[in-house]
Amino acid sequence: MKTIHYLFSLFFFSLMAGNFRAQPVKNAVPEVFRINQPDYKKSPYTGMTREHWKDAAKYMLQGAFSYVHTLDDPMVFPKQPGKSYPRDPKQLPTEKLEGLSRTLFIASALLREDPDLEINGIKLAEYYRHQVLNLIDPKSPSYIPLKDPKSGPSQILVEFGALSISLFAAPDVLWKPLTREQKDKLAATMLSYGDGPTIASNWRFFNIFILSFFKENGYPVNEPLMREYLSKSLGQYRADGWYNDSPAYDYYSMWAFQLYGILWSDFYGKKNEPEIAARFIRNFKEMGENYPYAFSEDGQMNMWGRSISYRFASISPLPFLGTLKDEKINYGWMRRISSGTLLQFLENPDFMEDRVPTLGFYGHFEPAVQVYSCRGSVYWMGKAFLALLLPPDNPFWTATENTGPWKDEFKKDRVYNKFQKGSNLMITNYPAIGAAEMRSWCHEKVADDWQQFRSSENYNRLAYNTAFPWQADGKNGEVAMNYVLKNKKNEWEAFRLYTFRKYENEIYYRDVVLETDDDVKMNLAEITLPNGILRVDKNNSGKAVDMRLGHYALPQLEKEIKVSVQKAGKYKATIIDNGVYQLAMVPLSGWEKVESIATKGLHPVSTKSMVLNASAHYSPGKDEVYSTLLLWKKSGEKWSQQELMPVKEINTKSGNTITVSFSNGTEKKINDVK
């Protein structure tokens, strides 16, 4: 009876709140974006120009507005099964606010240029003004009350911060038409959230934008608090374009700190706080010298970090390098990356479901979903379309597309590491397959991770590669690009407590300890190669432990994945091939066997996938070094012996130094091995 009563209450609440989820308009938008009359003269790689970006923005809105039939219909969409919210009726107003503020990122940029724009028969300017006014109407199901002074920061602060950005972007359409009474009520509501506590992360910018917008429009605000949050935000900058988001490094450095910093500077800072704005702009310029290398040759982004469902928000700061108008910046490369990442998703048939982007990377992928996301959260990716605030004559739009260093600077038989000081991130570019790779922070216990994302595969992989999206761990020890070890509960547990040691002589050093048993630990060292990675890892555990190491995983595409074995000198290479890429694993020392493991439901690209795992039983006193070649190649290409066995010898008998001799005559010493 309690269950029936609860379901009836939920139904009644939804009825009273006007929350029946609208059905989409039939055939309102095609499932996959198509470029109409591509311009391969200005954009020889993607065909996309500023006009095509506008088409893409409208395509995104056509899907969202297929659920809007009247001005009162909120931006709510079909919930996908799993951990996403709403899980409680109390979350429904916030869900509506997310859909409103995040689709408005896209709409505000279009409305600034075309105030009369209509989508699916709805006048956008009229709709968004009406919805904003519903926020301050106590009779509306979308009403947001004034913040309780005793309460802490909430998702409402986030969305009001986002709304402030759009008000800055298109004030003539969204703000100026309101009456004085409406403006005053909206200011009182939004400032009640902005003039208050926040989370010590990128969230400070939400307060900053609320306070800045209303200060710019003549309202008294808490300027000391605004300056405090600005100072603390700048204090999170490390170097080379990366901000620390308390405690992580991920795309929030870019679609939050860097984007917000340059937008705030242009909207408000240059005029009112020029010294602070100058610091944000200086940090922004350093981003342009490093971050573009994190994308693949064809402009695809990496699957890395939390909130990956925001997808192409990752490129949102790159267009605004155009505001610097610096001749040293390769704007054609910036647009090639940006358009390439847009098309990475817009042209993928799994991207849209129910005419709304899925919660996932391509299709819905539950292992990558966070509990703070609802279906409308995905429109955070709409930040990318704020690029349309740049006029047509901006160099970001006028430059001819090119691939930057990938064309002439990078050589196919070499590998390029770009170590990021301060953050200890390392970006690696592999010209042979046109891929980019990231090594980054992870040191979070599951026991302390109440939202369960900073200790997960979003962060705990040894590396992340644009060609090989991360695969989730399986319950039977299946693992990709990480170690798993048997813990005290006889369960496979992934490494996640990494401590960066140093980057020296092109060797990336980390130490790692098992969360549930600090007597299980390893020294990790990796050397990037033109076609893969050489791992030389030492197990320093004080007890016996079963262990596994995974290569990257391959999704099964049109055909079954092929498995083969090939001799690599005196060793054996196990190779898997999915018709696009080949992966090879060559164990050099320590490992007892290598298996090709078919997996299901763990990969973001396909239901079926395969991964190579090496396994061994470690016993203390063996002083065991586990050295492994993790290699790759495009499908259809033959492996040479040089590619499969670039290592001549690994000498572990020199105390705390391991010497790696390569078959090309070079040598590297791995120092300070504990």
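How many aromatic pairs does a search of the whole structure find? In this predicted model, the search finds 65 aromatic pairs. Two of these may be worth a look, along with some other side-chain details.

1. Start with Trp 53 and Phe 385. Their ring centres are 6.2 Å apart and the planes are at 75 degrees, so this pair is edge-to-face. Distant parts of the chain are linked here: Trp 53 sits in helix α2 (residues 50-65), while Phe 385 belongs to the loop between β6 (356-357) and α13 (395-398), 332 residues apart. Both Trp 53 and Phe 385 are buried.

2. Next come Phe 410 and Tyr 416. With ring centres 4.5 Å apart and planes at 25 degrees, this pair is stacked. Phe 410 counts as buried because its relative accessibility is 6%, and Tyr 416 is buried with a relative accessible area of 15%.

3. Charges over rings also turn up. Lys 418 lies over the face of Tyr 293, at 4.6 Å from the ring centre. Arg 548 lies over the face of Trp 492, at 5.6 Å from the ring centre.

4. Finally, please look at Ser 627 in strand β23 (residues 625-634). Ser 627 counts as buried because its relative accessibility is 1%. Leaving out residues up to four places away in sequence, Ser 627 touches Arg 535, Val 536, Pro 587, Leu 588, Ser 589, Trp 591 and Ile 650. With Ser 589, the side chain of Ser 627 makes a polar contact of 2.5 Å. Ile 650 is 23 residues from Ser 627 along the chain, and their C-alpha atoms are separated by 8.4 Å.

Terms used
Residues numbered from 1 in each chain as written. Predicted model: local features only at pLDDT ≥ 70, side-chain atom pairs only at ≥ 80, totals over all residues. Heavy atoms only, no water. Helix = DSSP H or I, 4+ residues; strand = E, 2+ residues; numbered from the N terminus. Buried < 20%, exposed > 50% of the residue type's maximum accessible area, 1.4 Å probe, protein only. Contact = heavy atoms within 4.5 Å. Polar contact = N/O pair within 3.5 Å; in protein donor to acceptor, adjacent residues only side chain to side chain. Phe/Tyr/Trp six-rings, centres within 6.5 Å; stacked < 30°, edge-to-face > 60°. Lys NZ or Arg CZ within 6 Å of the ring centre and 35° of its normal.
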